[in-house]
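Take a look at the chain below. Then read on for a short tour of its parts.

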Amino acid sequence: GTAHDGSRSGHGGCDRRMLHAFLRCILDDTPSPVDAETGIRLSLPGVIAREAARTGKTLPIPDERSLL
């Protein structure tokens with residue numbers, strides 16, 4: 001609904017499309033295309049990378065199954 005289409009966000013508008021798909025699942029009461037386990041598996045490396053960059057240390061990426 002705005003002039004900004006998200007294409008300048010650095011992810012080519014992907015964030016906006018992902019949020020829209022998530023909201024559609026809530027409004028339509030349908031399953032999300034990304035379940036919790038997949039979401040963790042896709043997000044965990046980025047979280048660990050940010051912490052490694054912040055601390056300057058090499059950090060292992062844990063097996064996400066050990067976290068559930």
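Which helix gives the most to the lining of the largest pocket? Helix H1 does, with four residues.

## The model

This is a predicted model, in which local features need pLDDT of at least 70 and side-chain atom pairs count only at pLDDT 80 or more, while totals for chains, interfaces and linings use all residues. Residues are numbered from 1 along each chain as its sequence is written, and side-chain values use heavy atoms, with hydrogens and water left out.

The chain has two helices and zero strands. Both terms refer to DSSP runs, numbered from the N terminus: helices are H or I with at least four residues, and strands are E with at least two. Helix H1 covers 14-28, and helix H2 covers 36-55.

## The surface

Of the 68 residues in the chain, 10% are buried. Buried means under 20% relative accessible area, exposed means over 50%, and partly exposed lies in between (1.4 Å probe, protein chains only). The chain exposes about 5700 Å², and carbon and sulfur atoms supply 60% of that area. Accessible areas come from the Shrake-Rupley method with a 1.4 Å probe; for residues, only the protein chains shown count as cover.

A nonpolar patch sits on the surface, formed by Leu19, Phe22, Leu23, Ile26 and Leu27. Together they have about 520 Å² of accessible area. Patches are made of residues with over 30% relative accessible area and no salt bridge; nonpolar side chains (Val, Leu, Ile, Met, Phe, Trp, Tyr) are joined within 5 Å, and like charges within 9 Å. Take Leu23, which lies in helix H1. Leu23 is partly exposed, at a relative accessible area of 42%.

## The largest pocket

The largest pocket holds about 220 Å³ of space. A pocket is found on a 1 Å grid over the protein atoms alone: it is an open set of points where a 1.4 Å probe fits, with protein on both sides within 12 Å along at least five of seven lines, and lining residues have an atom within 4 Å of a point. Grid points are joined across faces, edges and corners, and the volume is the space filled by probe spheres set on the points.

H1 and H2 each supply at least two residues of the lining. Among the lining residues are Met18, Phe22, Val34 and Leu42. Val34 lies in the loop between H1 and H2 and is partly exposed, with a relative accessible area of 40%. How far apart are Val34 and Phe22 in space, C-alpha to C-alpha? The distance is 8.9 Å, although they are twelve residues apart in sequence.

Setting aside residues up to four places away in sequence, Cys25 touches Thr30, Pro31, Ser32 and Pro33. Contact means heavy atoms within 4.5 Å.

Asp29 is in the loop between helix H1 and helix H2. Asp29 counts as exposed because its relative accessibility is 72%. Asp29 is not a glycine, yet its phi is positive, at about 55°.

## Salt bridges

How many salt bridges does the structure hold? There are two. A salt bridge is a side-chain nitrogen of Lys or Arg within 4 Å of a carboxyl oxygen of Asp or Glu.

One joins the side chains of Arg24 and Asp28 at 2.9 Å, N to O. These residues are four apart in helix H1, so about one helical turn separates them. Arg24 is partly exposed at 36% relative accessibility, and Asp28 is partly exposed at 42%.

Arg54 forms a salt bridge with Glu51, with the closest N and O atoms 2.7 Å apart. Arg54 and Glu51 are three residues apart in helix H2, so about one helical turn separates them. Arg54 is exposed, with a relative accessible area of 57%, whereas Glu51 is partly exposed, at 30%.
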